[in-house]
Amino acid sequence: MSDRNSSLLSILAIALALTTVAGCGDDESEACTPGSAEGCDDGFVCEEVLDGEPACFAPVIVRGRVLDMGTDEGIAGARVVAFDANGAARSTVVESATDGMYSLPVPSRRDADGVPVTDAITLRADAAGYQSYPTAPRTAIPVDLATAVATADDDLVVMNAATDIALIARDDVASGVADVVGVIDHELSAGVLVVAEQSGRAVASAITDKEGAFVLFDVPTSTTTIAGYRQGLAVTPVEVSVVGPETTGVVLSASTDGLSTVTGTVQIVNAPGGATTSVILVPESTFVENTARGEAPPGLRVAPVSGGFSIEGVAPGLYVALAAFENDGLVRDPDTSIGGTEIVHFEVAPNAGTVDLGEGFKVTEALAVVSPGAETIDTVTSAQPTFTWADDSSEAGYEVRVYDAFGNLVHENVDVPRVTGSETVSYTWSGAELEAGMIYQFRAWSWSDDRGERVLISATEDLRGVFVYQP
């Protein structure tokens, strides 16, 4: 780096520090309340300080645009909220403007000079007529609050490619739908996964803001159960009659009583030594059998796991346990002919104490994805995409499936031949019918022949192989 650039960076750092100096009231000894403007001058907020007392600084604002992935037009009225590393609400909820722009104040820890420290958040966005973001296979992109830049109005703004959120329009939203507006009445109600359930299946979901408020979009007008899930909180479901265009005044009560602990064991086989994985619990109503995915409530996750695991504070309800769901080089062992490889469905009764899932989960080394979607969502321009993954040395063949962003199976070939003399396998989907702007995921499974029986050996990971088709 040149001396001139170094000097410019130093000047910028000084300017940033001056912009974010404490803006407390006349009595500088007066303590302020982190996460609020109480005790601060106008335009300042109280923030935590590393190795120091809370102080008042210019707020950190995350700004971006919520847009339609297919048309690139802004989406008005989308609700955006920030999550912390544990999946709990880090901010209140804001709505996007008519052009899709939003400004989201996010509490940010500071150093002694008031500069935001490295701190990653993720964003969630919901809008009427659109699939929520993130929804698997899409994962939320981390946003580092330390990248905030001082503006002319003395705010600190984070605005980059990661703060723009493209939503996928749904084509399954009928006219008979309504928004359901409500709140969870409990001091620990922030960051709760709220689910609208009909006939035992989730038809909409949302995350509560810091005050426990939520909006469920596009709920079919019918009798609906509104339930909430989060570690450490038991939300009592309520049944409501949803009528259009909006059903309001829904209040859910909650308690910290009646919680239980879920235990189990993970067995990692045929994988590199020292490998660890994660286990999540998802509400049964959100689980999609076709893709073996569901929505994980905040806190119902444990990692790293290499043997026994325990998840505390689980509320009564029906759940599915998923191991090796995240990108860690491992995958659930797909060989259903042996024990410990079936997806585990279970119930937690009120005051159950400890719920042991019994036979351990078996996970194994995954087939590495080469392209597309090895690390991020890649853009595919060809109408006949080619998928490439690492060869499994003991296979007799492969199965390939392609899913769209809504979990629908759009292509399947269970007789992809094995390869010899190559470290990778490539398969071209000829005759593909891809929708421009749609996100897809390919997955591959290797199989062996065990005395005439096809036995699956391994698979690509649950959240890799993701691509968007843009001809």
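Reader: Which strands supply at least two residues each to the lining of the second largest pocket?
Author: Strand 11 (165-167) and strand 37 (466-469) each do. Strands here are DSSP runs of E, at least two residues long, numbered from the N terminus. A word on the source: this is a predicted model, where local features need pLDDT of at least 70, side-chain atom pairs count only at pLDDT 80 or more, and totals for chains, interfaces and linings use all residues. Residues are numbered from 1 along each chain as its sequence is written, and side-chain values use heavy atoms, with hydrogens and water left out.

Reader: What counts as a pocket?
Author: Take a 1 Å grid over the protein atoms alone. A pocket is an open set of points with protein on both sides within 12 Å along at least five of seven lines. A cavity is a set of points where a 1.4 Å probe fits but cannot get out. Lining residues have an atom within 4 Å of a point.

Reader: How much space lies in the second largest pocket, and which residues lie nearest its centre?
Author: About 580 Å³. The lining has 27 residues, and Arg-138, Thr-139, Ile-141, Thr-376 and Ile-377 lie nearest the centre. By class, the lining holds 16 nonpolar, six polar and five charged residues.

Reader: And how many cavities of 30 Å³ or more?
Author: One. The space in the largest cavity is about 60 Å³. Strand 4 (79-83) and strand 14 (201-207) each give two or more residues to its lining. Strand 4 gives the most, with three.

Reader: Which residues line the largest cavity?
Author: Arg-79, Val-80, Val-81, Val-93, Asp-126, Ala-206, Ile-207 and Val-215. Six are nonpolar, none polar and two charged.

Reader: New topic. In what order do the four strands of the open sheet come?
Author: The order is 5-4-7-8, with antiparallel pairing. Strand 5 (94-95) and strand 8 (143-144) are the edges, each pairing on one side only. To pair, two strands need at least two bridges found by DSSP.

Reader: How many bridges join strand 7 and strand 8?
Author: Two, in the antiparallel sense. Strand 7 covers residues 120-126. Ala-120 has Asp-144 in strand 8 as its bridge partner.

Reader: What's the average pLDDT?
Author: 89, and 92% of the residues score at least 70. The scale is the predictor's confidence in each residue, from 0 to 100. Over residues 1-21 the pLDDT is below 50. Residues 25-29 also stay under 50.

Notes: Contact = heavy atoms within 4.5 Å. Points joined across faces, edges and corners; volume = space filled by probe spheres on them. Nonpolar A, V, L, I, M, F, W, Y, C, P; charged D, E, K, R; others polar.
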